[in-house]
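I opened this notebook to record what I looked up in one structure. The entries follow the order in which I made them.

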Amino acid sequence: MAPGRIGRAGARAERLAALAGDWDLIVIGGGITGAGIFREAAARGWRTLLLEQSDFASGTSSRSSKLVHGGLRYLATNEWRLTVHSVREREQLLQHGAGLIERQGFLLPVWRGQKPGWWSFRAGLAIYDRIARKRLSRVVRWSELRELAPNLSTAGMRGALYMEDARTDDARLVLRLIQEGCQQGGQAVNYMRVHALLREQGKVCGLQWQDALSGQEGEARAKVVINAGGVWAQHHGGEKAPKLRPLRGSHLLFRRTRLQLPVAVSWLHPRDGRPVFAYEWEGASLLGTTDLDHADSLDLEPHISGAEVDYLLEAAAHVWPRLHLNRADVLSTYAGVRPVVSSGAERPQDESRDSALWSEPGLVSVTGGKLTTFRLTALDALRAAAENGGGELDLNKNRPILDSGAAPTKPAELSGPNWRRLFGRYGSTLAERIAQTPAGLLNLLPGTPYIQAELLWAAQDEAVEHLDDLLLRRTRIGLVAEHGGFALLDRVRTLCQSTLGWDDARWDAEDAQYRARWESHYSLPEPLA
């Protein structure tokens with residue numbers, strides 16, 4: 001397999017055969033935390049294996065709010081350390097991940113009588129800027145407000161503030177980290193269930209795995225195992241595992257032209273004062289989020305509830321009453337379950353988003369944490385792993401979070417913004433990909449921000465095992481195209497079927513499975529009676 005390629009199409013048996021032997025580190029979990037650990041360990045010379053029970057980023061890490069933010073609201077709960085770390089990691093990610101992590105301006109309207117109010121927000125933003133060591137916030141003039149938010153209602157508004165955070169494609173960030181870990185000699189395999197941990201003389205020394213696709217079983221041994229399974233971390237976490245409080249966050253996506261958002265807008269929900277937001281993302285407009293205790297089984301894919309749809313539409317009606325947004329305007333929905341460590345707080349939004357780490361001989365477990373601070377969580381886990389039998393490891397924080405490098409020359413067929421977006425997603429492998437791609441495939445797939453070659457590249461070497469891997473995570477067609485991109489499936493088939501090695505029966509089965517999954521988990525639920 002070429003360096004930096006996650007998984008070549010048709011080479012799964014070869015990848016499974018490579019699991020035998022001894023590893024320095026095995027990482028369980030292919031979300032943002034596991035991917036960060038994998039990349040950092042491989043970059044420092046450890047022979048590293050990552051195993052994910054489903055698809056990479058298929059859990060929380062493709063279902064987040066897509067924001068790389070410093071956590072302004074954590075100042076209100078006195079989580080200063082978390083805010084400081086988040087703001088400074090955000091700035092590092094913006095520096096090293098250009099095109100994948102981008103600045104996002106936010107408009108913060110403040111209404112008379114709301115709490116926290118005008119002066120609280122101004123004080124919080126001043127602290128926020130001081131932590132970032134640059135001024136990124138200001139008061140918005142009334143004359144400027146219409147330009148920044150043309151449809152925003154100003155009735156009862158005290159004024160508005162402007163600040164900057166950042167946004168990303170969370171699934172592609174995970175894949176970029178895994179790609180860079182593979183470039184450093186690591187190996188990552190999706191759809192691998194971990195049945196049990198291996199122990200010798202009271203110490204974890206590896207694990208038993210089963211391929212979820214073929215049923216094949218085997219063992220992999222390592223000096224140390226890191227369990228980074230997110231909401232599933234307790235499955236192999238032992239008696240020291242903290243109590244998790246799974247919290248569901250759900251989102252709606254709209255056609256970009258319906259909301260017209262030159263900048264993001266963030267406000268407090270009129271019902272309960274919880275922060276909500278809307279901004280342009282991947283050619284659509286994203287509205288979120290809820291924060292509810294998730295009572296369903298973690299083995300079931302989460303989906304938005306009718307009550308959550310109503311809650312988010314109510315939030316939109318508060319700031320855009322003239323738009324009359326309704327269910328017919330919704331392109332798609334998605335829901336994710338956050339692995340929050342319970343502190344006993346009464347309200348979900350009052351729980352800390354900091355990470356938790358615990359260990360036993362040969363095993364380190366980690367869960368919780370924020371997307372923005374994934375690297376710090378990874379370094380904490382690796383420090384514990386090194387002390388737990390993994391061996392020496394240079395944990396210098398001055399290394400880049402991503403290998404940025406210099407962008408290759410832009411082909412004439414691509415716009416500047418699209419070229420920047422592609423470089424952010426593929427990094428140092430982009431030049432080789434472009435050189436090997438027919439010029440006709442550099443055109444956009446209709447109704448999406450993706451060039452056709454992105455589908456082919458994913459099919460070639462990004463470990464696509466199911467059609468929803470391709471349409472929900474390698475690209476986000478299922479979220480931002482009309483009706484899940486069903487009208488595009490024939491074109492996708494022409495581009496990818498032969499590369500994936502799927503015969504007609506397999507393709508038809510994958511097509512049917514994708515359509516059923518989209519209808520049940522990414523479309524609107526039935527309205528409440």
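Entry on contacts. I took a contact to mean heavy atoms within 4.5 Å. I then looked up the contacts in the chain with a separation of 6 or more, and found that residues 24 or more positions apart account for 73% of them. I note here that the model is a predicted one.

Entry on elements and overall form. I looked up the secondary structure and found 16 helices and 17 strands in the chain. The radius of gyration is 23 Å, close to the 24 Å that the globule rule gives for 529 residues, so I recorded the chain as being as compact as a globular protein of that length. Taken along the principal axes, the box filled by the C-alpha atoms is roughly 65 × 50 × 50 Å.

Entry on burial and surface. I asked what share of the 529 residues counts as buried. The value is 60%, where buried stands for under 20% relative accessible area.

Entry on cavities. How many cavities of 30 Å³ or more are there? I found one. The volume of the largest cavity is about 50 Å³. I next looked up which residues line the largest cavity: Ser 62, Arg 63, Tyr 334, Leu 472, Arg 473, Arg 476, Leu 479 and Tyr 522. Sorted by class, the lining has three charged residues, four nonpolar ones and one polar one.

Notes:
Residues are numbered from 1 along each chain as its sequence is written. This is a predicted model: local features need pLDDT of at least 70, side-chain atom pairs count only at pLDDT 80 or more; totals for chains, interfaces and linings use all residues. Side-chain values use heavy atoms; hydrogens and water are left out. On a 1 Å grid over the protein atoms alone, a cavity is a set of points where a 1.4 Å probe fits but cannot get out, and a pocket is an open set with protein on both sides within 12 Å along at least five of seven lines; lining residues have an atom within 4 Å of a point. Grid points are joined across faces, edges and corners, and a volume is the space filled by probe spheres set on the points. Ala, Val, Leu, Ile, Met, Phe, Trp, Tyr, Cys and Pro count as nonpolar, Asp, Glu, Lys and Arg as charged, and the others, Gly among them, as polar. Helices (H or I, at least four residues) and strands (E, at least two) are DSSP runs, numbered from the N terminus. The radius of gyration is taken over C-alpha atoms; the globule rule is 2.2 Å times the number of residues to the power 0.38. Buried means under 20% relative accessible area, exposed over 50%, partly exposed in between (1.4 Å probe, protein chains only).
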